[in-house]
Amino acid sequence: MTQNHHDCCAHHAHHHELVISSLRVHYRKTLALDHISFATSCGNRVALVGPNGAGKSTLLKAIAGLVPRSGGSILWRGSPVKRWSREFAYLPQREEVDWSFPITVRGLVEMGRYPQTGLWGKFREEDATAVDKALADLNLESLQHRQIRELSGGQQQRAFLARALAQEAHVLLLDEPFTGLDRNASRQLGDLLGKLAHEGRLVIASHHDLATAPQLFDEALLLSTQPIAFGPAAEALSEENLDRAFGQICDLQDRAPTVVANASL
Amino acid sequence: MDLLSNPFYQRALAAALLIGFANGFFSGFVVLRRNALSVSALSHTMLPGITLGILMTGALTQASAFLGALFAALMVGLGSVAVARGNRVAQGTALAVIYTSAFAAGVAILPRLDTRQELEHWLFGDITAVGNSDLWVAFAIGSFTLLVANLLMRPLLLTLFEPNVAAAQGVPVRTMQYFLFALLVLSLVASLQAVGCVLSVGMLVAPAATVSLLTDKTHALFWGGGAVGALGAAAGVFLSSSLGMAPGPVIVMLLGILFLLAWIFSPRYGAIALHRR
């Protein structure tokens, strides 16, 4: 076993299972998620795929405990997650973050230690060590005193990942992490997520690019309020399944340009 | 300087330093929350709130003022959220309609109450009229706000930066947001005597806004804001006597000028620096 191997390891994955059964979420009167069930374990990268409004972000938020569930259960390592778990970290979409907030990269990563320090506990030596390690793991040491707005998109994504590592999170919940990244940054982030999963973490991310999903993720959950398919990424995202998920919407998109084309004739 | 031996001036100066520091410190939260305009709305609701407090209890005390102000602020704040739920009216629009109406009601009712203070006093304050008991109240509220804000600085900052990430880490985000709101109302009530409900907005926004142009360090925003607020307020009291103007407006104008200077000359984010880049 290598030194930097995370303690939540793929080789005893059966201890580190995330089991979601018949999860249901309502937004006021609208049903946002229904009958969501799947089981996965540490070491995997899971893509959440589906049309707009399918509930990808809602599912991430429900697992992170940010939206209340109206039914179903979440089991992590055999015990039920009531509201939130300190082993889960949520990473928002980049556009939801106020990047002009006066905080350095290091300050952002230090925020990850909240579950350990609590409301007003002291920031101790071991907290600083964990922050140093997280910064080093994600190659952010040289950038740690920069204001967060001065980072590139890929670096900003890495800063939030470092915050999750400082928290010692095992499950990383990412909302559209690849959106807005250029090709190189995308590839780097893909490699990084692969490394984090290999070290034994569970990566769950919403993803809208159907073409890249099978390379970037091990498993995929295709959903449209209800689950449509779950399994190895390439199988779950088969042509047939995608048609079932995107069917109506593709239809609409196909129709719109036809009207324009007719008008210009 | 025979001004300094005058007890009115001594008290005015002490009040300026105290309130200036406490509000300047708190302005850090206002700037980070990015909704300075709703603080302005909130401060205007102080007036009808306090009128209401006097109506209900029959007397003006700090407690009745605070409860009335808190009640009015809650009604206006929650009312605007409720109206905006329908999606037809934006929350800012709803807030503007409701707070101006509430403010107008306060202005209309105030002269009918049996208080000695004038409307102008409520709007712009009178720092030279603070008594010893007012000073103690300002000191108590200021210390309380500072103490609590510092104790809860970590969860408050996590909440302000990204509430979703914070909530996923177990930060009681909702509680923190209510807490910040209550502290804000408390700060507004504390500064009422000195600068009134209209000018208090300046003291609760300008100091940290100035500092935010000069630093990227979160903590500097609070302590620097406190320093700017205290010095600005004290300098305002001094200047006002030689200018022959009321201290409240001079304090706020001074803070405005400091902000303008920072905006022009800040080495990193100033207008000149941005133009040269």
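## Ile50 of chain B and its contacts

Setting aside neighbours within four places in sequence, Ile50(B) touches Ala65(B), Gly68(B) and Ala69(B); here two residues are in contact if their C-beta atoms, placed from the backbone, lie within 7 Å. Ile50(B) sits in helix H2 (residues 36-57) of chain B. Helices (H or I, at least four residues) and strands (E, at least two) are DSSP runs, numbered from the N terminus. Is Ile50(B) buried or exposed? Ile50(B) counts as buried because it has 26 C-beta neighbours inside 10 Å. The cut-offs are 20 or more other C-beta atoms within 10 Å for buried, 12 or fewer for exposed, and partly exposed in between, with C-beta atoms placed from the backbone. Leu37(B) lies 13 residues away from Ile50(B) along the chain, and their C-alpha atoms are 21 Å apart.

A word on the model itself: it is predicted, so local features need pLDDT of at least 70 and side-chain atom pairs count only at pLDDT 80 or more, while totals for chains, interfaces and linings use all residues. Residues are numbered from 1 along each chain as its sequence is written, and chains are lettered from A and ligands numbered from 1 in the order in which they are written.

## Two helices of chain B

Helix H7 (residues 153-161) of chain B has eight of its nine residues buried, so it is largely enclosed by the rest of the structure. Those buried residues are Arg154(B), Pro155(B), Leu156(B), Leu157(B), Leu158(B), Thr159(B), Leu160(B) and Phe161(B).

An α-helix has 3.6 residues a turn, so residues three or four places apart point the same way.

## The sheets of chain A

Chain A contains nine helices and 10 strands, and 41% of its 265 residues count as buried. An open sheet of four strands runs in the order S2-S1-S4-S5 with antiparallel pairing; strands pair if DSSP finds at least two bridges between them. S2 and strand S5 (79-80) of chain A are the edge strands, each pairing on one side only. Strand S1 (residues 17-27) of chain A is antiparallel to strand S2 (residues 30-41) of chain A, with eight bridges between them, and five bridges link S1(A) to strand S4 (residues 71-76) of chain A, also in the antiparallel sense. Ile20(A) has Phe38(A) as its bridge partner in S2(A) and Ile74(A) in S4(A). S1(A) and S2(A) make a hairpin with two residues between them, and Arg28(A) in the turn has a positive phi of about 50 degrees.

A further open sheet has six strands in the order S6-S7-S8-S3-S9-S10 (chain A), with mixed pairing. S6 and strand S10 (226-232) of chain A are at the edges with a single partner strand each, so one side of each lacks a neighbour in the sheet. Strand S3 (residues 45-49) of chain A and strand S8 (residues 202-206) of chain A are parallel over four bridges, and Val46(A) has Ile204(A) as its bridge partner in S8(A).

## Where the chains meet

How many residues does each chain bring to the contact? Chain A gives 24 residues and chain B gives 21 residues. On the side of chain A that touches chain B, strand S6 (88-91) and H3 of chain A are the elements that give two or more residues. That side divides into 16 nonpolar, six polar and two charged residues. In this grouping Ala, Val, Leu, Ile, Met, Phe, Trp, Tyr, Cys and Pro are nonpolar, Asp, Glu, Lys and Arg are charged, and the others, Gly among them, are polar.
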